[in-house]
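Here are some notes to read alongside the model. Have the structure open and follow the points in order.

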Amino acid sequence: MAACSRRLDKFIVSLRLLRNLQLQNERFLSTSVCRWAPGNDSEPPKFIPPSKPVIIDKTQAVATLRKFLSPEFIPPRQRTNPLKFSMERKDMIRRRKILNVPEFYPGSILAVSMADPNATGKINRFVGICIQRGGKGLGATFVLRNIINQQGVEICYELYNPRIQKIEVLKLEKRLDDNLMYLRDALPEYSTVDPDMKPVPFPPTGEVPLNELKVKMRPKPWSKRWERPKFNIQGIHFDLCLVPKQMEHAQKWAQPWQEYDMLKEYDTSKLEQQILSEVQQEMSK
Amino acid sequence: NCIKTTTWFEEHLTEDNQEYMRKTMAEEYRRQTAEKLNPLKDEPWQRHEWTEGSRRVGLVAVKLGMAPIWTKTGEKHAVTMLQVQDCHVIKCLPREEYDGHTAALVVGGKNVSPFHRSEHYMEMFRNAGVPPKQKITTFKVSDNAIIKPGTPLYAAHFRPGQYVDVTAKSIGKGFQGVMKRWGFKGQPASHGQTKTHRRPGASGPGGDPAKVFKGKKMPGRMGNIYVTAFGLKIWRVNTKYNVLYVNGSVPGHRNCVLKIRDTVLPTRGSTLLSPPFPTYFTEDEGDLAEDLYDDDLFIHTEPSLTLT
């Protein structure tokens, strides 16, 4: 993403130069269309400027269409000096200029190559579905899950760990929830990812596809009671595994007043915009 | 037992006057700090060289928060970020005045408003020509490391690779039971225990002393005492914002004021590093890089680590 945006900027700059040159050339000419009136033979016909070409800046439109700010940039609601967050952000941007961290969401399939002293060829490649993105600042992590030789494996990677060589997004998509920990109790087919999967081409424009898959679960007991409203899971097919009576019983743990609790409100929209503009500025330098 | 003679009641002033007071106070602070930065105006004291066994000043800093760092071998460590905000030397107590053995320097930390401090407190800041500070500490210093009152102290006083001791008031926990305060094991949760799960149990030997010894660990107020963390390594120094990255955790809550000094541990002395003595002066070594890193630290502008 970083490299693309830098190259795009250069392209945009060159386009702007061309446009400026064109504008400079046209500034000294009259834009009013004057037809050569038959009768004025002494004066040469006024130059009719050609119609201005409309430059559809496809590359720029592509970059700015989807403004994605990685969730670890947004500071938590704490009584901390904002200087601490800005210093961490600077370090994060420095690392992002070296390692291209692409945009991804829980539910996307990633492949991570990490330097490992015990691995053959020194580099360890792991492919899996991202089930959780946690942490803020430099300690941001993401958990990848896959099933290898009928054994479920989850690896928690730190985004800013210097041992990570490459992060590739093989399939970019969103799911109905932010936290897919329930895949541990789902049927194994939902967590298997082919390690030699080819990256699915994704056009840079447009929305990230939302996979409205409802997952079938293994029989209870589960590691967590996913039917309870505190988890607020949309992505499980509860009709196949739970009776309506059980669903009602789970609603006993509902806390409907939390949605109206004003002290729990944390509006990050302005902060997000500010940080996004700051990050984009720094990345383009 | 002391009667506060000066109390600041905002009701005695009109609103315009209050605003004016606040503005003038801020301007006065800026003027005072700027004055102290100019070495020509006030004649600085004689700077001595470092000798074996000399101790130099420490700093007063504010705890910002914690962050992870990675070494060049790929290990992760947690560091605390400490910012040195407006640290000035306030008073110099020569050997005879202090205790007859060592000289001492009184150093102050974060700036605060003068309106809610007593006259007695403000007096020493007025003598030094420095805005009033939230925390003042004394550092025991050898005779060749005394500094003129009013000199600002910066984070570059410490260098990466050095070890420091950090003292601060730990987070107050209030009145706590014996299990949390002293780590007692308590009693089992079931198997017939009647109303006894977190109690101290026995309080001493028995009939022979027939008393409870002084200092018996019992429930009481926990925390809010000065605790020192020894031998913390400095990984990184940011000279632009005066921030020190210190290994591990440090007592105190976020935004608390701490006292930092060179280690007393004999195995972690900083003789090899030759840190600035008596302190770091901007006019002497003004062109330090914005960030000073330790040798083992991985800097994020370098390419990814390939462990071979």
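The points below start with the interface and then turn to salt bridges and aromatic rings.

1. A quick word before anything else: this is a predicted model. Please keep that in mind while you look around.

2. Start where the chains meet. On the chain B side, 29 residues are in contact with 25 residues of chain A. The area buried between the two chains is about 2,400 Å², and carbon and sulfur atoms give 59% of that.

3. Now the polar side of the interface. Ten residue pairs are in polar contact between chain B and chain A, counting pairs with both residues at pLDDT 80 or more. Which parts of chain B supply at least two residues each to the side that touches chain A? They are the strands β1 (59–70), β2 (76–83), β10 (226–238), β11 (243–247) and β13 (291–293). The largest share comes from β1(B), with six residues. Sorted by class, this side of chain B has 14 nonpolar, ten polar and five charged residues.

4. Next, the salt bridges that cross over. Three of them are found across the interface of chain B and chain A. One joins the side chains of A:D91 and B:R236, at 2.9 Å from N to O. There is also a salt bridge between B:D291 and A:R94, where the N to O distance is 3.9 Å. That pair runs from strand β13 of chain B to helix α3 (residues 82–98) of chain A.

5. Stay with B:D291 and A:R94 for a moment. Are the two partners buried or exposed? B:D291 has 13% relative accessibility, so it counts as buried, the cut-off being under 20%. A:R94, with a relative accessible area of 22%, is partly exposed.

6. Over all chains, the structure holds 23 salt bridges, and some sit within one chain. B:R31 pairs with B:E28, the closest N and O atoms being 3.2 Å apart. Both lie in helix α1 (residues 15–37) of chain B, three residues apart, or about one turn of the helix. Each is partly exposed: B:R31 is at 43% relative accessibility, and B:E28 has a relative accessible area of 37%. In chain A, you can look at A:D261 and A:K264, whose side chains meet at 3.6 Å, N to O. A:D261 counts as partly exposed at 27% relative accessibility.

7. Finally, the rings. A search of the whole structure gives seven aromatic pairs over all chains. Take B:Y154 and B:Y280: their ring centres are 6.2 Å apart and their planes stand at 85 degrees, so the pair is edge-to-face. B:Y154 is in the loop between β6 (152–153) and β7 (163–169) of chain B, while B:Y280 is in the loop between β12 (257–262) and β13 of chain B, so the pair ties together parts that are 126 residues apart in sequence. Both of these tyrosines, B:Y154 and B:Y280, are buried. Over in chain A, have a look at A:F104, A:F142 and A:Y157, which form one aromatic cluster.

Definitions and conventions:
Residues are numbered from 1 along each chain as its sequence is written. Chains are lettered from A and ligands numbered from 1 in the order in which they are written. This is a predicted model: local features need pLDDT of at least 70, side-chain atom pairs count only at pLDDT 80 or more; totals for chains, interfaces and linings use all residues. Side-chain values use heavy atoms; hydrogens and water are left out. Contact means heavy atoms within 4.5 Å. Buried area is the accessible area (1.4 Å probe) that two parts lose on being put together, summed over both. A salt bridge is a side-chain nitrogen of Lys or Arg within 4 Å of a carboxyl oxygen of Asp or Glu. A polar contact is a pair of N or O atoms within 3.5 Å; within protein, one must be able to donate a hydrogen and the other to accept it, and residues adjacent in sequence count only if both atoms are side-chain atoms. Helices (H or I, at least four residues) and strands (E, at least two) are DSSP runs, numbered from the N terminus. Ala, Val, Leu, Ile, Met, Phe, Trp, Tyr, Cys and Pro count as nonpolar, Asp, Glu, Lys and Arg as charged, and the others, Gly among them, as polar. Rings of Phe, Tyr and Trp (its six-membered ring) pair if their centres lie within 6.5 Å; planes under 30 degrees apart count as stacked, over 60 as edge-to-face and the rest as tilted. Buried means under 20% relative accessible area, exposed over 50%, partly exposed in between (1.4 Å probe, protein chains only).
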